Structure formats: structure tokens, C-alpha cells
Amino acid sequence: MTPGAGAGGPMKDCEYSQISTHSSSSPMESPHKKKKTDSRRKWEIFPGRNKFFCNGRIMMARQTGVFYLTLLLILVTSGLFFAFDCPYLSDQITPAIPAVGAVLFFFVMGTLLRTSFSDPGVLPRATPDEAADLERQIGNTEDIANGSSSGGYRPPPRTKEVVINGQTVKLKYCFTCKIFRPPRASHCSLCDNCVERFDHHCPWVGNCVGKRNYRFFYMFILSLSFLTVFIFAFVITHVIHRSQNAGFLSALKDSPASVLEAVVCFFSVWSIVGLSGFHTYLISSNQTTNEDIKGSWSSKRGKENYNPYSYGNIFTNCCSALCGPLSPSLIDRRGFIQPDTPQPTAPSNGITMYGATQSQSNMAAATPLLQSEPSITSEELSLPGKTTLGAPCAVLTLGQPTPPSSMPNLTSDTGLSDMIPLKEDPDSHQFLTPEEAPSPPGILPLGNPMTHSHTMHVLSLASQDSLHEDSVRGLVKLSSV
């Protein structure tokens, strides 16, 4: 076996690992110390009062009791119609009746769920940095206008003015979301969110109605009007057709479900059809329910408060509201939380809060006792051949005075003789006598000078550095051990 062959064996088995150029970690980072990302999503810490289902895909208001009532009424009424009326109508009149009813039913359910489960156009709240910058920009002007505010005082609503199609529109500042609301946006008190192109909060659908779900809401109430009228009309047709053969009372006894359907449809058709007509008027004039109730704009173009959002044409207004592009959601509720990204914080009692990090740093800066200072340990003062005390010094609490930083920590009495120059005399006495050592004020002289020589030396050092009386007594006890 040659040396070359022996060396070539291990070289053939050697493999090189491919370096990935798409790695997110920097070359200086260790591959075993990668930064851990937060696996939570943004909907889990959403500041508004909303419910989320299916990992954030479904978004609703917290008050959903009336929504379940709406769902129950539609399902029960339609179910009774398909179960008891449609078989007779399909045989006696035409099979197209249950087919048309099924199309209307599925369209109503689809638009209802689309309205209830979608984001209505919630505007994201300002981050602490954005809120602080905005407050800094408008703070000086408000201080001059209103004077300095203290405590929980909330100044009057701040506004900005923009011009839209020649009409001046005011943008109001939201104290909860810390933003200037865009035109036609408003803050919903039930969901605690600013909603873009806010129309109203509808408890029947369990959600706000805004820019992103208004068209589905309108199609829901319009199709529900057709479904209610359709069921009511053919229930009456069923009863009349049966009464021609067996009498009216006999027809009611044969189909009691038809009576229940007729009663439900009769009392609900007026409000549903009226609501559909009202929103048809709003769409034709390009207004919202919020604007119409407040009387913000006039339908006539020549007046001073004309509607700047209207195109002046009914057909164009309807196409803009129902057929325009659907804007994307701005809150990214299914996105992952970035560890370095500041999250918006909810204010309390109108007081501006910019997160806990800034308040904690200010508290630490204002409280010097909370700031830790570097101290000299017993290991740093220990010398070869010297014995030191291993017990640590007592930790100072908030109520005790802080010793001067120029005074090093004393760990043993043997270290004092090396650190402080002593008086030399012909008798090679290494310590000061009690007569030579100056007495600190408020301390009684000690009796035996030979026994308490260490104590007097420590007291001399304490008088030179102006220590407190409590610190001096602690050092006396340490020296006498």
C-alpha cells in the first residue's frame, strides 16, 4: 500500500457542504443562535373589540347575539317553505318555484356571511413612535391655544382641513387610535375601531358596515327583500290553492307551517323592504347613513354644503358603490408579529401612553437608587497571602442612604492596613493611638486602645470621608469580629 493511496482514501470520503446564499442570518451570527420569531399572529393582540375565528380569517363584533337571531329566522323560515310548501307547488304549479327559491336563499346566505365575517375597513392604529411624533407636531399649537393641560384633561377635538372637489372637509383627530381620520371615516364605539367610509354598525349582521363590506350588505338586504316577498307570495298561493278544494279552514289545518311562514314574512317584509329602499337612495346620491343622519351634505349641487363625493349621476354613483374595485384590508390580521415592531397600545382615560419601555426608562432615570453602580468585590481587593471575608455586604433598600462612590468597599480589616498609610514611630507601632486619632462627632471614645486599634483606624477613615453615622457603626462591628 503506497502512501499516496493511504492519503487518498480519506480525501475521497471528504464532502463539502454547500453554502446557502439565501440564508437570512448574517455571516457573523452563529447558526445555532438564530433569532427566535414570535409565532403569534396580529389578530391575537388586536386592540379593538372584535372576535376572530379560523385563525383570523373571520372577523366579527363581540355582540353577535342578534346575528344568530337573523340566521335562525332565515334558516327556519326558508326550511319550512322548502319542506312543506315547495313539494305541493312543484307538483301543482311548476318546479321552477323551488329552484328560484333555492337560488335566492343561497344568495342571501352568501352575502350575509360575507358581510358578517369580513373586515369592514378598519384603519390601523398608530404605533407608539407614530403617535409620539404626531403629538409632538400638534402639541405646541395646542399648548398656545388651550394652555398647558395636566392630569386626565382632554383638549377639544383637533381637526385638519382638506379640500375635496372644491368643498372643505374637516379631518378629526381620534384620541383612541391616535390618527387623523380620513374623509368619511368614523370611530365605532361598539367595535372600538376607526372604520373607513363608515356607514353604521348593524347588529343584525354582527359587524360594522363600511367601505369593504357595504356592497355585500346592500346585496344582502336587497336579496332578502326578494326572498321574503317570494316566500310570502307563494305561501298565500299555496293556502288559496288548497282552500279551493277543501275550504280555507281545512287548508290551514293541513299546512300549519304555512301559517307560521306567512306571519313571519308579513311582519318582517315592511322593515326589510323599507331598509332596502333607504339604502338605494343613499347609493344613488353617494352618501352614507352616518352622513345622512347628521345632515352633512345637500343633494342639490348649487348649495354651499353640496356633496363633494357625488358624481352628479345616479348610474355612476351606483356603479361606484357596487362595481368599483374592492380595497385590500389594512390591518393584516393574519400576519405574524415581528419582535422588533412596536405594537399599538390602547390609551386609558385620555392620557397619552407610548408603551411600557419609555415609561420604565424614565422611571429608572428619575430614581437613582434603582440604577446599579459597579462595586469592588472581595476578589478584586484580595492580596496573595491575605485572608478575606467571603460574606457579601448587605444590599441597600430604598429607604437607606447610598454611600459615596469614591469610597471603595471594605472587605477585611487586613486590607485596610495596606490601603491606608500608617504613622511611623520608633517603636514600630503600626496603628494610631486613641489620643492621636481624631474622634468623629457623636461617637464616644473607646476604652482599651490596644484592643480597639482596628476600630479607631476605621473611625479615622470614616471621619476623613464624612460617612453617615449608620455606616460607621456597621464598619465598627465588622472590625471588631
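## A partly exposed ring

Phe 266 has a relative accessible area of 38%, so this residue is partly exposed; with a 1.4 Å probe and protein chains only, buried means under 20%, exposed over 50%, and partly exposed in between. The model is a predicted one, where local features need pLDDT of at least 70, side-chain atom pairs count only at pLDDT 80 or more, and totals for chains, interfaces and linings use all residues. Numbering starts from 1 along each chain as its sequence is written, and side-chain values use heavy atoms, with hydrogens and water left out.

## Aromatic pairs

The structure holds 15 aromatic pairs. Rings of Phe, Tyr and Trp (its six-membered ring) pair if their centres lie within 6.5 Å; planes under 30 degrees apart count as stacked, over 60 as edge-to-face and the rest as tilted. One of these pairs, Tyr 173 with Phe 175, is edge-to-face, at 5.4 Å centre to centre with 90° between the planes. Both Tyr 173 and Phe 175 are buried.

Phe 232 and Phe 266 make a tilted pair, because their ring centres are 6.3 Å apart and their planes stand at 35°. This pair links distant parts of the chain, 34 residues apart: Phe 232 is in helix α5 (residues 214-246) and Phe 266 in helix α7. Helices here are DSSP runs of H or I with at least four residues, strands are runs of E with at least two, and both are numbered from the N terminus. Phe 232 counts as partly exposed, at 27% relative accessibility.

Now to the strands, which pair if DSSP finds at least two bridges between them. Strand β3 (residues 159-164) runs antiparallel to strand β4 (residues 167-174) over 6 bridges, with Val 162 opposite Val 169 in β4. Their hairpin has 2 residues between the strands, and Asn 165 takes a positive phi near 55° there.

β4 also pairs in the antiparallel sense with strand β5 (residues 179-180), over 2 bridges.

## Ser 285 in helix α7

Helix α7 (residues 256-285) also holds Ser 285, which counts as buried at 13% relative accessibility. Beyond its neighbours within four places in sequence, Ser 285 is in contact (heavy atoms within 4.5 Å) with Asn 307, Ser 310 and Asn 317.
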